[in-house]
Amino acid sequence: MFKATLTLIGSAMIAASAMASPEIGQPAPDFRVVDTQGQYHTLSDFSGRTVMLEWTNHDCPFVVKHYRTDNMQSLQREMTGEGAVWLTVISSAPGTQGHVSPARADELTATRNAAPTAVLLDESGEMGRAYDARVTPHMYVIDENGILKYAGGIDSIPSANPDDVPRADPYFANAARAVLNGSDVERPVTRPYGCTVKYAD
Amino acid sequence: MRWIYISLLLVLSAFTAAASTAAEEHTDRSSVVTQPHLEARLLSEFSTISRGHLYTLAVELEPDAGWHTYWINPGDSGLATQIRWQAPEGSYFDDIQWPIAQKFLIGPLANYGFEDTTYLLTDFNIPADYPHDQVTITANVDWLVCEEYCIPGSAELSLTLDVGMPELSERNQPLFRTARNRLPEIADWPARFDIQGRQVTIIVESPEAVAMAQEESFYGFVGASELVEHAEEARIETTDDMLVIRRTLNTYHSEVPDKFILQLTHDNRSVELWVRGADQGPGAASAAAGGMEGGPGLALVLVFAFLGGLILNLMPCVFPVLSLKAMAIANSGKRQLPDALWYTAGVVLSFLVIAALLLALRAAGQALGWGFQLQNPWLIGTLVLLFVAIGLNLSGVFQFGTRLMGLGQSQVQSASDGSGAKGSFATGVLAVIIASPCTAPFMGVALGFAIVQPPAIALLIFAMLGIGLAFPFLALGLIPGAARVLPKPGAWMDGFKQWMAIPMYLTTVWLLWVFGRQAGVDSLAILLAAVVIFATLLWWHGRQQLQGGRTLGQRIGLLMFAGITVLLFWGALSLQQSPGSSSDEVDGRSWQAWTPERHEALKGEQPVFVNMTADWCITCLANERVALDTDATRALFAEHDIAYLKGDWTLQDPAITEYLSRYQRNGVPLYVLYWPGRDPYVLPQILTTGIVRDSVLAHQ
């Protein structure tokens with residue numbers, strides 16, 4: 001009996017560890033992460049507002065593709081213009097590609113003419129792992145009630161070629177607009193493509 | 001002197017120029033393109049190729065040490081290398097033949113790709129009517145090369161080949177040999193997958209795959225992006241001839257592929273095969289059913305039903321009776337058409353009655369398919385006696401009275417006198433009855449399809465089957481000259497008839513076998529005794545027919561024999577082993593079919609294990625093979641006297657649908673353990689013998 005219970009708990013845990021990743025339609029994982037100004041943010045701070053998450057690594061060619069074409073910046077402007085919160089998250093561990101100091105992060109925002117609400121420095125990778133963020137760019141949309149509505153790639157063409165941006169189906173933008181309009185997201189999960197997030201091991 | 005020097009220089013430079021143009025015009029290697037951390041070039045196996053035949057090209061990628069490019073499924077990040085080909089119009093380029101992949105773990109994530117020098121082979125041809133004697137082929141290659149971080153790269157690689165008598169490129173040979181050594185073997189082992197909850201189950205039906213999985217270094221590379229969690233380990237289970245790979249569904253899974261490639265590898269062997277989606281779920285089945293309602297699909301099915309009916313005439317259980325009847329009708333002269341029409345009516349109506357019965361029973365929740373009549377031992381027993389009677393009649397042991405169904409010689413009379421209509425109709429009915437043992441095995445699948453159609457269409461299909469069966473008679477009746485094709489009756493007919501008894505006896509043997517499987521060997525023995533007594537009855541009856549009358553004593557004797565036959569028959573059926581314990585031993589299976597009634601009956605008395613499954617459910621199949629149909633579980637069930645009921649939802653049985661909904665499920669598999677006096681316990685959707693055992697032990 002005892003052994004049986006153990007086995008059942010064991011198999012439940014295997015299932016649970018696979019489920020640790022965020023699920024569409026469920027509350028998004030909370031987080032507490034410092035931004036480049038030294039200010040801490042939590043998901044609950046933004047309740048009542050739609051939240052967009054963007055995982056980034058400025059040296060990743062896939063990220064470069066969307067910044068060089070101004071695709072990412074115009075999405076940031078569009079979404080924040082609609083009242084949404086846009087958090088750019090850097091989960092690169094110190095010493096890995098994409099890891100930056102707060103000052104460097106602000107400089108990147110300025111030089112690239114980017115418009116996020118804040119840039120979060122998730123050095124420990126805790127927030128990244130909670131969201132099961134795998135690549136840069138990896139995109140999420142959370143509605144005003146804290147429910148996860150979209151997780152996946154920025155668009156439909158997995159490439160580092162800037163020419164593909166206008167050709168691609170903009171999965172993330174479609175989802176973000178749908179959530180802002182209060183309508184259903186047609187494709188809530190898509191293939192995230194890009195560079196691996198450089199987590200601390 | 002100076003002019004000599006200049007002219008020498010000119011000659012020399014002319015030479016170099018000529019050499020370099022020649023090299024550009026014809027080369028089996030492109031120049032090397034160097035990009036950050038990777039060098040690329042294009043190679044041809046042949047320096048001269050012929051038109052219209054397949055040759056092989058290789059894109060050679062040489063990354064720096066520690067850097068890698070990606071497989072067709074790059075894993076959690078990265079990009080598969082892509083090649084776009086430029087060649088004369090009409091050329092053909094096959095897909096990349098991917099080498100054996102490697103797995104790279106990067107923190108919590110995993111990638112699949114290739115380190116060191118990598119050859120991507122591609123087969124191609126140029127059109128058969130290609131007019132020139134040289135051809136230039138260009139590969140535009142895009143790759144992502146990664147170590148800790150990634151750099152996208154691309155190269156345009158061109159080579160020019162001569163066209164003519166094919167000639168191998170000597171210097172490229174060793175490289176192509178190396179390239180082919182790194183390719184997996186291609187296997188055609190049947191493999192399927194399905195997704196249940198957060199679980200992807202892949203089964204490979206091959207003892208060789210099972211043998212490979214025993215190796216320490218075994219790994220299965222799934223060639224579909226975002227299908228499985230790449231970093232998580234697979235759970236591998238095996239039976240004698242089936243490899244089961246269970247993987248967690250990828251968090252970012254969004255599309256189910258129709259098929260994908262699977263590389264099974266260990267240190268000494270690598271095999272690549274296709275894995276296909278399970279055939280169809282219930283949704284697909286009903287979609288197909290909906291699609292059948294219109295035009296060509298239905299017409300085609302009706303044509304097949306007609307042909308199927310036509311073929312039934314040749315079945316060993318039908319042909320002897322009908323061939324004799326046909327000759328009788330053909331030779332009776334005047335009344336051919338009405339007879340044929342009555343006969344057709346008998347056949348079609350009988351089919352419709354059986355079909356309507358079947359549909360009504362299914363609507364009432366019975367899990368029945370065509371051939372359901374053969375699931376009933378009473379009916380089989382009756383058919384055994386009927387076939388024995390027909391066989392003995394054909395052997396000439398006795399004659400049917402004219403009042404009976406009008407078989408054998410009496411047909412001639414019945415066809416020409418007033419009772420012809422009734423006789424022909426009855427023959428039609430009889431034809432369907434004696435055809436039914438043959439229909440079950442031969443037409444089961446097609447009719448199984450008919451059953452899931454809307455009732456009107458199902459009835460139409462059955463009616464068409466009937467028309468097909470009756471068609472030879474209709475043709476005899478409608479085409480005036482047709483009868484003349486048949487041989488003239490004569491003494492030979494008697495011999496023919498007696499030969500025709502043999503298929504009837506063989507059909508009897510088959511029916512007895514079916515009966516034995518259902519009712520057990522004891523019942524079978526008693527039924528055989530009934531057959532002997534019944535045969536004796538008919539033989540004695542035949543002798544009296546020859547004597548032209550019978551005494552009262554003989555009548556009483558006949559009645560006694562009939563009585564004994566009935567008693568034995570009844571005894572055989574009442575003694576049949578209860579399906580519970582016995583049928584297991586007889587047919588070697590450890591389960592019984594689930595029906596609501598059987599489930600209710602057993603539930604109070606003993607523990608019951610219910611397994612809801614379907615043929616198209618790969619997860620179900622895998623669970624049965626690795627956890628349920630195992631000696632350990634059979635022993636466990638026997639030890640605890642657990643009845644194992646299996647419900648088959650392949651054709652969407654409504655009773656099972658309702659059962660599933662009671663457990664908030666809309667699909668299979670579902671496993672429930674009932675222990676008397678305890679709440680039902682639902683087992684996980686993924687089973688192992690350990691989980692089954694622990695569930696049982698926890699609930700006893």
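Student: In what sense do β23(B) and β25(B) pair, and over how many bridges?
Tutor: In this predicted model, strand β23 (residues 608–613) of chain B pairs with β25(B) in the antiparallel sense, over five bridges.

Student: Which residue stands opposite B:F609?
Tutor: B:F609 has B:L673 of β25(B) opposite.

Student: And how does β25(B) pair with β26(B)?
Tutor: That pairing is antiparallel and runs over two bridges, with β26(B) covering residues 681–682. Within it, B:V672 stands opposite B:V682 in β26(B).

Student: What is the hairpin of β25(B) and β26(B) like between the strands?
Tutor: Six residues lie between the strands, and B:G677 takes a positive phi near 85 degrees in that hairpin.

Student: Why is β25(B) described as largely enclosed?
Tutor: Strand β25 covers residues 670–674 of chain B, and four of its five residues are buried, so the strand is largely enclosed by the rest of the structure.

Student: Changing topic to B:F104: where does that residue sit?
Tutor: B:F104 belongs to strand β8 of chain B, which spans residues 102–106.

Student: Buried or exposed, and why?
Tutor: B:F104 is buried, because 20 other C-beta atoms lie within 10 Å, and the cut-off for a buried residue is 20 or more.

Student: Which residues does B:F104 touch, leaving out those up to four places away in sequence?
Tutor: On that basis B:F104 touches B:H68, B:A110, B:N111 and B:G113.

Student: How far apart are B:F104 and B:G75?
Tutor: They are 29 residues apart in sequence, and their C-alpha atoms are 9.2 Å apart in space.

Student: On to helix α8 of chain B: how does its reach compare with what is expected?
Tutor: Helix α8(B), residues 377–395, has 19 residues and reaches 27 Å from its first C-alpha to its last, close to the 27 Å expected at 1.5 Å a residue.

Student: What follows α8(B)?
Tutor: B:G396 follows α8(B), with a positive phi near 85 degrees.

Student: Finally, the contact between the chains: how many residues does it take from chain B and from chain A?
Tutor: Chain B contributes 29 residues and chain A contributes 33 residues.

Student: Which elements of chain B give two or more residues to the side that touches chain A?
Tutor: These are β12 (150–163) and α22 (689–699) of chain B. Of the elements on that side, α22(B) gives the most, with six residues.

Student: How do the residues on that side of chain B divide into nonpolar, polar and charged?
Tutor: The side of chain B that touches chain A has 14 nonpolar, nine polar and six charged residues.

Notes
Residues numbered from 1 in each chain as written. Chains lettered and ligands numbered in written order. Predicted model: local features only at pLDDT ≥ 70, side-chain atom pairs only at ≥ 80, totals over all residues. Buried ≥ 20, exposed ≤ 12 C-beta atoms within 10 Å, placed from the backbone. Contact = placed C-beta atoms within 7 Å. Expected span 1.5 Å × (residues − 1). Nonpolar A, V, L, I, M, F, W, Y, C, P; charged D, E, K, R; others polar. Pairing = 2+ DSSP bridges.
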